[in-house]
Amino acid sequence: MMVDSIAATSLLGHRPFFSSYNWLSFTKSMNRKYAISPSVRSWHVKKPIRSLTKAQAAELTREAHSYHKEEREPPGIDYGVDSRPGLWPPENKADNPALKNPLLRQERMGCGWLGAIFEWEGVLVEDNPDLEKQAWLTLAQEEGKSPPPAFMLRRIEGMKNEQAIAEVLCWSRDPGVLKRMGSRKEEIHQALQGGMYRFRSGSQAFLNLLVHHKVPVALVSTRPRKSLERAIAVIGIEGVFSVIVTAEDVYRGKPDPEMFMYAAQLLQFIPERCIVFGNSNQTVEAAHDARMKCVAVASKNPMYELGAADLVVRHLDELTVVDLKNLADIEAVELEPEKEMEASAEDDRPPSTSVGVYDGFW
């Protein structure tokens with residue numbers, strides 16, 4: 001009996017050379033001839049069937065997973081994100097786990113969590129561009145400088161006085177002289193203004209709407225703080241603005257986004273949830289550079305010239321809180337197309353005809 005089991009084991013060692021059908025026939029014949037024990041039969045026969053079943057189950061699982069993945073993501077569509085597990089859905093930038101309060105975190109991630117940043121002249125109050133032009137011409141005459149041309153005056157719109165004098169007009173670069181000229185220009189402008197301010201049509205109603213819905217509001221301007229606070233008191237809206245950013249708080253004006261970034265920091269909002277209200281393309285450029293949404297008010301420019309803004313209106317009362325929530329709900333995807341364009345431009349370059357020189361000798 002011991003010899004028969006050894007012979008059966010040696011014969012069963014040739015299993016890889018048999019097909020599945022021949023293998024079963026062979027085992028049956030061996031069972032009759034050598035009387036193989038049930039334990040040997042179960043070990044040599046049932047194990048291949050069990051492993052085959054596991055392989056088929058794994059294959060079906062992979063097919064079902066691929067089918068559901070194709071159903072969720074149709075072929076030919078690039079979503080701009082990595083589809084690996086753990087990276088989708090993308091992280092909500094408004095979420096702050098440090099709050100340790102699920103209700104506050106849920107409120108922040110909703111589109112109702114937003115802040116408004118307003119410019120002053122031409123957005124909330126009426127603006128007279130001729131006064132700004134006349135102030136620069138008067139300053140040039142007092143300083144003995146040549147009058148700046150019209151294109152240069154358009155270029156310095158929204159800049160700080162010191163920045164415009166040093167970088168565009170090129171009248172001086174001495175800090176003391178720049179400060180003196182900037183202060184004198186503001187004095188001229190205030191004298192021409194005469195302390196008269198009035199709301200633009202629909203601006204006061206829109207501010208009241210934001211206050212009613214408890215939307216934090218910030219005010220930014222390149223005017224000095226004293227003159228801006230005096231103007232706010234004249235039209236009677238003290239206490240409306242949670243944050244006021246003036247010329248003394250920043251180093252550069254538009255189109256640099258420094259003013260808007262600082263206002264968002266003081267409001268304690270991320271830039272993606274801040275909406276800037278301005279009336280020029282410089283404002284639109286600065287807001288988008290700061291990753292903020294921008295609503296352009298067509299007060300001095302036609303609406304078609306402000307098409308780069310996220311929304312263009314003639315008066316602020318055309319907007320509702322729902323419009324602001326829709327703007328805040330849009331999440332921009334950072335795809336960095338500039339790098340791709342640079343890479344493609346390098347690939348399209350013709351091959352160089354210059355002869356390479358090995359400089360390892362030197």
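**Exercise 1.** Decide whether Cys170 is buried or exposed, and find where it sits.

*Solution.* 
- Start with the cut-offs: buried means under 20% relative accessible area, exposed means over 50%, and partly exposed is in between (1.4 Å probe, protein chains only).
- Cys170 has 51% relative accessibility, so it counts as exposed.
- Now place it: Cys170 belongs to the loop between α7 and α8. Helices here are DSSP runs of H or I with at least four residues, strands are E runs of at least two, and both are numbered from the N terminus.
- Check the backbone too: the phi of Cys170 is near 55 degrees, which is positive in a residue other than glycine.

Before you go on, a word on the model: it is predicted, so local features need pLDDT of at least 70 and side-chain atom pairs count only at pLDDT 80 or more, while totals for chains, interfaces and linings use all residues. Residues are numbered from 1 along each chain as its sequence is written, and side-chain values use heavy atoms, with hydrogens and water left out.

**Exercise 2.** Find out where Lys214 lies and whether it is buried or exposed.

*Solution.* 
- Look in the loop between α9 (203-212) and β2: that's where Lys214 is.
- Its relative accessibility is 75%, so Lys214 counts as exposed.
- Lys214 isn't a glycine, yet it has a positive phi of about 60 degrees.

**Exercise 3.** How do helices α7 and α8 pack, and at what angle?

*Solution.* 
- First get the axes: they're lines fitted to C-alpha atoms, for helices over the stretch in contact, and angles run from 0 to 180 degrees between N-to-C directions.
- α7 (residues 161-169) meets α8 (residues 175-193) at about 120 degrees, and the axes are 8 Å apart.
- That angle makes α7 and α8 oblique to each other. The scheme is: under 35 degrees is roughly parallel, over 145 roughly antiparallel, 65 to 115 roughly perpendicular, and the rest oblique.
- Next, the residues that touch, where contact means heavy atoms within 4.5 Å. α7 brings Asn161, Glu162, Ile165 and Ala166, and α8 brings Leu178, Lys179, Met181, Gly182, Lys185 and Glu186.
- Sort them by type and you get four nonpolar, two polar and four charged residues. Here Ala, Val, Leu, Ile, Met, Phe, Trp, Tyr, Cys and Pro count as nonpolar, Asp, Glu, Lys and Arg as charged, and the others, Gly among them, as polar.

**Exercise 4.** Work out the strand order of the sheet and which strands are at its edges.

*Solution.* 
- Count strands as paired if DSSP finds at least two bridges between them.
- The six strands make an open sheet, ordered β3-β2-β1-β4-β5-β6, with parallel pairing.
- β3 (243-245) and β6 (311-313) each pair on one side only, which puts them at the edges.
- From one strand to the next, the twist averages 20 degrees.

**Exercise 5.** Follow β4 through its partners, its burial and the helix packed on it.

*Solution.* 
- On one side, β1 (residues 115-119) pairs with β4 (residues 274-278) over four bridges, in the parallel sense. Gly115 faces Cys274 there, and Phe118 stands opposite Phe277.
- β4 and β5 also run parallel, joined by four bridges. Gly278 has Ala296 of β5 as its bridge partner.
- Helix α13 (residues 321-329) packs on the sheet, touching β4, β5 (293-297) and β6, and its direction makes about 120 degrees with that of β4.

**Exercise 6.** Is Thr283 buried or exposed, and which residues does it touch?

*Solution.* 
- Thr283 is part of helix α12 (residues 281-289).
- With 0% relative accessibility, Thr283 counts as buried.
- Leave out residues up to four places away in sequence, and the contacts of Thr283 are Glu119, Lys254, Phe260, Val276, Gly278 and Cys294.
- Pro255 is in the loop between β3 and α11 (258-267).
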